[in-house]
Amino acid sequence: MRYITFILALALISCQRPEAEGHAHDAEGRHAAHGGEIPTVDYTIWTNKTELFVEFPALVVGQPSRFAAHFTMLEAHQPVREGSVTVSLEKAEPQISIKVEAPSSPGIFSPTLKPQKAGVYNLVFKLNTPDYRDKITIPNVRVFANSHDAMHELGANGGESGAISFLKEQAWKIEFETAPVTKGQVYNVIHTSGMWQYAPGSFQSLSANATGVVSFSKANLTEGAVVKRGELLMTISSKGLTSNNLQTEISKAKSNFEQAKAEYERKKELYESKIVPRAEFEQVEQKFQVAKSNYESLSSGYGAEGKQIRAPFDGFAKSINIKNGDYAEQGAVLLSIANQTSYILETQVSASYASQLEPIQNIWYETKSGWSSINETGGSMLSVGKAVEKQKPMLSIFARINETVDMPEGSFTEVEITYGQAEEGAVIPVSALLEDFGSYSVIVQLSGESFERRPVQIGKQNGKLVAISKGLKAGEVVVTKGAYQVKMASMSGTTPAHGHDH
């Protein structure tokens with residue numbers, strides 16, 4: 001459910017005249033059609049936290065009116081199961097107020113008001129749940145002096161002609177959401193596909209730092225295996241080799257280093273005593289530094305089993321280019337380590353768009369968790385190709401994706417590129433559309449439990465939103481999840497039994 005602001009809700013209410021629901025209420029709390037009863041009115045109103053659908057007999061002085069107030073939490077479109085509701089009629093101050101400590105059934109509170117004075121009031125609901133509090137006000141609610149005035153003003157119970165009845169109890173049992181029709185910007189769109197690549201900084205190739213036989217230190221080292229920063233992955237041993245024997249080279253380097261160090265320390269004392277000239281001392285010092293660097297380089301990462309190859313960061317084995325026990329020359333690429341923190345998305349479009357791609361407004365892409373875009377996630381445009389070739393007649397577009405995509409490198413995804421100048425218009429979530437052989441319709445919520453299937457004409461589409469050129473206006477509410485179930489209810493030909501406990 002996308003939230004409708006309280007101001008918008010009041011605007012919707014002001015445009016609605018309370019209509020008869022077509023239900024009267026018997027002692028069991030179910031709707032019955034008894035001629036001459038006080039008409040039933042209903043209101044649907046939203047805040048940024050709650051949807052309230054309330055129906056009750058029109059308010060008449062001295063007559064008790066029992067409410068069926070349905071409270072739906074917008075966060076997950078679930079009924080309010082715990083908490084209290086205080087209902088009051090107010091002008092400058094409350095005329096009458098009553099508190100209900102708990103719902104009579106999940107989501108439904110049943111307070112009873114008995115007005116004492118005719119007039120026009122604000123009907124105020126104060127909801128207090130363990131998770132949040134909310135205040136919902138319905139303005140300009142009429143309290144009639146007698147039943148005759150109510151019947152004359154509101155007429156007989158009728159309901160919306162041809163409306164689909166879909167009860168709150170039904171909606172609460174399924175995945176169900178609604179969203180307002182809003183005014184927004186929609187751009188020209190290119191529908192294409194893209195290929196996932198790891199960003200250059202998100203992977204690193206590890207090369208052999210010595211010549212020798214490679215031994216895997218990680219037992220389950222395979223492509224895709226998770227590795228931790230500093231974890232020992234492989235060792236390279238030159239033990240037993242007649243040439244390029246690292247152990248022998250380290251021993252030689254250590255001997256040269258110790259010899260150069262001794263000479264350096266002796267010459268330093270003589271230089272400080274001004275027995276040897278500065279040039280002779282600097283020559284010995286340089287020789288010592290070279291021997292030290294050579295020894296440290298050869299012995300760095302060298303363990304009992306040989307030279308060690310460790311993971312440079314947390315990630316996974318992207319590729320492995322050698323088998324356990326193979327011989328490797330120094331500098332040969334052994335494996336690549338990657339993480340999934342940064343991706344490059346490469347898309348290709350026809351060269352006919354070359355003059356229209358400035359500026360590119362956004363790039364939408366589909367992942368396992370749904371549609372996303374570079375503007376939403378902090379990604380960025382990298383480059384747009386400027387030339388095509390006979391073998392590659394398409395223009396390449398590269399974008400950096402700044403989120404965990406969890407898609408393998410080289411896999412494809414649907415892509416929508418928005419470009420050009422924006423057009424203002426009515427927009428709704430794409431998920432609200434119902435398609436039948438190329439024609440589109442939506443389910444419009446007329447009131448809390450009353451819906452209508454309405455044909456629409458769609459315009460441009462960019463990822464999550466689609467423009468509506470005909471059939472809807474801003475402020476109306478459409479079903480974005482559960483529309484198919486409401487559609488099926490309209491095809492059943494029967495009105496479901498009401499389960500309200502009035």
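Author: Start with Leu89, whose bridge partner in β10 is Ile96. Strands here are DSSP runs of E, at least two residues long, and helices are runs of H or I, at least four, numbered from the N terminus.

Reader: What should I know about the model first?
Author: This is a predicted model: local features need pLDDT of at least 70, side-chain atom pairs count only at pLDDT 80 or more, and totals for chains, interfaces and linings use all residues. Residues are numbered from 1 along each chain as its sequence is written, and side-chain values use heavy atoms, leaving out hydrogens and water.

Reader: OK. How many bridges pair β9 and β10, and in which sense?
Author: Six bridges, antiparallel, with β9 covering residues 84–90. Two strands pair if DSSP finds at least two bridges between them.

Reader: Which sheet is that, and in what order do its strands come?
Author: The order is β5-β14-β13-β9-β10, an open sheet of five strands with mixed pairing. β5 (59–60) and β10 (94–100) are at the edges with a single partner strand each, so one side of each has no neighbour in the sheet.

Reader: What packs on it?
Author: Helix α2 (residues 147–154) does, touching β5 and β14 (133–144). Contact means heavy atoms within 4.5 Å. The direction of α2 makes about 100° with that of β14; axes are lines fitted to C-alpha atoms, for helices over the stretch in contact, and angles run from 0 to 180 degrees between N-to-C directions.

Reader: Switching topic: is β3 buried or exposed?
Author: Seven of the seven residues of β3 (residues 40–46) are buried, so the strand is largely enclosed by the rest of the structure. Buried means under 20% relative accessible area, exposed over 50%, partly exposed in between (1.4 Å probe, protein chains only).

Reader: Which strand is β3 joined to?
Author: β4 (residues 50–57), antiparallel, by seven bridges. Thr40 stands opposite Pro57 there, and a hairpin of three residues links β3 to β4.
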